[in-house]
Amino acid sequence: MADTSDLVLDVRNLKTVFFTNSGLFKAVDDLSFNVRRGETLAIVGESGCGKSVTALSLMRLVPDPPGRIVGGSVTLEGTELLSLDEAQMRAVRGNRISMIFQEPMTSLNPVMRIGDQIVEAVRLHRSITAKEAHDIAIEMLRLVRIPEPARRAREYPHQLSGGMRQRAMIAMALACRPALLIADEPTTALDVTIQAQILALILDLQKELGTGLVLITHDLGVVAQTAQRVIVMYAGRKVEEASVEALFASPMHPYTRGLMASIPAVPASGVPAQARLNEIPGTVPSLVGLPRGCAFAPRCKLAIKRCEAEYPPLADWGGGHLAACWRAEDVAEVA
Amino acid sequence: MFAYLVRRLFLMFVTLFGISIVIFFLLRIVPGNIVDILFAAAGYVDPADKANLEKELGIDRPLIVQYWHWISGFLRGDFGFSYVSEKPALQEILPRIPITARLAGLALLFSASIGIPLGVISAVKQGTKLDYALRVVSLSGLSLPSFWLGLLILTASVAMFGQMPIFNPNPQTWLEAFATYAVPAAAVGFRSAALTMRITRSSMLEVLRQDYIRTARAKGASEAAVNYHHALKNAILPVITVIGIEAAFLIGGLIVTETVFNIPGVARFLVEAIRWRDYPIVQNLVMLIAVVVVFANFTVDMLYAVFDPRIRYTD
């Protein structure tokens, strides 16, 4: 185990379940990972694989009912979050751990001025005057490169473009200089040109403030640009974890390989474009009544008998490259 | 904004003009006039006397002339004379207005100050026993007519205290004034409170699902701040609409409540005036009520812009 002194976040065996009419399902099952100061960890996977529930679990904002965290530990800067009471947890949220969401259009309160929303975030955690908080809010808006921050602070969300709103969200999330920032698909709802700007902004600020970053995305392109380490999730479980270089060089889980094959490539000039994009056949299985064995087996070209019978353990294949697949060694050959 | 206001005021004027025509002609369609009623009571009818009286009151003239006479007087503030008391109609109406206004104001205050918080609580505690209990109470509020509730209150107070609340025309202290108006206002406001609660609840349930509520929680805001500061601010618009409409409907509720509680307000006075076909009183009073309703609607629309920055009245 590496040195743990600069760990910001340490998640162990996190388990979040949902109680629904059709039964209990494990949205996050036995998930462990950690984030160092200033490090970017990407969590990737298809919709419904448990990425967002993981994020909400870290914030302890899983809607209860129907959801509940039933096991594991989440340690933020040495404090066990899962054992805090609600008031103590509120003091952590927005202060030591912050979150930005996928939908900048709907994530800001439409009837509050942008500035006031940032001021609120600051004053919830710092005993300072309204004037001082207002100055911080303007400073934050300047930091996220919103032009004319003093004027924008007086505006309402509907007066800002999507990119601007996401910048304002980032300003709000970072206003208290959190140790950890969780970005849940922060650029998915934005235009491609704006996406790059927002990502660059998040990374710049992360560097400047030394924040640990958990970046949740389904876009491997984003991962390659931003993260140091990657976790691939499937059906609530971690199926692969590696440094970004190792993952892109030699993915060890067939699911990861499938995700990579689905990235459309720009054809070289003169070469006819691929007629059809590669896809992973099938869909993420319903989390109610998962198979006993590997959840990906029904969609996997490499599946063998054992895959359906036994869940493969997460094994270290060298250099901290973890993968949960019986056939991890064969994945590279097949591709 | 200025052009919008001008257009809006013009439309209000047109609306009121339409209402004045409806009031005037509806009243004439109702069979019988004050002269018929007086002479029917006397038993003997001398057609000449009757014609004289009609001429004296001006109700023998063509309708269009009568209408012009009335509406031009109304605009000048000349309401004419009551047929029944023969006193200036304005003198009859004016002293009763504060009584009804206090009653209506207190009823609306009850409905907002009880309905909105209970609606928020019911939404936040959705699906709990408390929510069900509150919904049953609000359903009963919607189902009980205010006159019946008023009678029930009177009967209960006689049974329990041996007396019933009597209208005190000259309350000496604030407390006495409150005591005088509180019970009838509660009787008539119960329905509005129930309606306000239901609208607040459903509007809150809608808002509580929104992304920005999650954002507020992620900031570390307390439940109270999330519910009352972030959610209620967004959920309040439909509630304002309903309270505005209720303010208008309240007049109807007050007619029976004032009768049941024997309160000398305009609503009960209006019913008596209709019974006597006291045209000057009825016409002018209904017209005044119409003005109040039209302005209440206007106020609600203006409040929209205050509560929701996305709504701006432009030209």
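Which residue is the bridge partner of Thr40(A) in S8(A)? The bridge partner is Leu213(A). This is a predicted model, in which local features need pLDDT of at least 70 and side-chain atom pairs count only at pLDDT 80 or more, while totals for chains, interfaces and linings use all residues. Residues are numbered from 1 along each chain as its sequence is written, and chains are lettered from A and ligands numbered from 1 in the order in which they are written.

**Sheets of chain A**

Helices (H or I, at least four residues) and strands (E, at least two) are DSSP runs, numbered from the N terminus. Two strands pair if DSSP finds at least two bridges between them.

An open sheet of eight strands in chain A has the order S6-S7-S8-S3-S9-S10-S12-S11, with mixed pairing. S6(A) and strand S11 (315-316) of chain A are at the edges with a single partner strand each, so one side of each is left without a neighbour in the sheet. H1(A) packs on this sheet and touches S3, S6, strand S7 (180-184), S8 and S9 of chain A. The direction of H1(A) makes about 150° with that of S7(A); such angles run from 0 to 180 degrees between N-to-C directions, and axes are lines fitted to C-alpha atoms, for helices over the stretch in contact.

A second open sheet has four strands in the order S2-S1-S4-S5 of chain A, and its pairing is antiparallel. Its edge strands are S2 (23-36) and S5 (79-80) of chain A, each of which pairs on one side only. Helix H1 (residues 51-59) of chain A lies across strand S1 (7-20), S2 and S4 of chain A, and runs at about 70° to S2(A).

| Strands (chain A) | Sense | Bridges | Residue pair |
|---|---|---|---|
| S3 (40-44) and S8 (212-217) | parallel | five bridges | Thr40(A) and Leu213(A) |
| S9 (229-234) and S10 | antiparallel | six bridges | Val232(A) and Glu240(A) |
| S10 and S12 (322-323) | antiparallel | two bridges | Glu241(A) and Leu322(A) |

Strand S10 (residues 237-243) of chain A is largely enclosed by the rest of the structure, because six of its seven residues are buried. A residue is buried if 20 or more other C-beta atoms lie within 10 Å of its own, exposed if 12 or fewer, and partly exposed in between, with C-beta atoms placed from the backbone.

Among the buried residues are Ile114(A), Ile118(A), Glu120(A) and Val122(A). Their cover includes helix H4 (130-143), helix H5 (149-153) and helix H6 (162-174) of chain A, together with helix H10 (211-219) of chain B.

Leu199(A) is in helix H7 (residues 192-209) of chain A. With 20 C-beta neighbours inside 10 Å, Leu199(A) counts as buried. Leaving out residues up to four places away in sequence, Leu199(A) touches Thr187(A), Val222(A), Gln225(A) and Thr226(A); two residues are in contact if their C-beta atoms, placed from the backbone, lie within 7 Å.

**Contact between the chains**

Chain A gives 23 residues to the contact and chain B gives 19 residues. On the side of chain A that touches chain B, the elements with two or more residues are helix H2 (86-92), strand S6 (97-100) and helix H3 (114-123) of chain A. By class, that side has 11 nonpolar, eight polar and four charged residues. Ala, Val, Leu, Ile, Met, Phe, Trp, Tyr, Cys and Pro count as nonpolar, Asp, Glu, Lys and Arg as charged, and the others, Gly among them, as polar.

**Chain B**

Chain B has 13 helices and zero strands. Its C-alpha atoms fill a box of roughly 85 × 60 × 35 Å, taken along the principal axes. Of the 315 residues in chain B, 33% are buried. Among contacts in chain B with a separation of 6 or more, 74% are between residues 24 or more positions apart.

The axes of helix H8 (residues 146-161) and helix H9 (residues 174-208) of chain B come within 9 Å and cross at roughly 140°. That makes H8(B) oblique to H9(B), as angles under 35 degrees count as roughly parallel, over 145 as roughly antiparallel, 65 to 115 as roughly perpendicular and the rest as oblique. Residues in this contact include Leu149(B) and Ile153(B) of H8(B), and Val183(B) and Phe190(B) of H9(B). By class, the contact has seven nonpolar, two polar and one charged residues.
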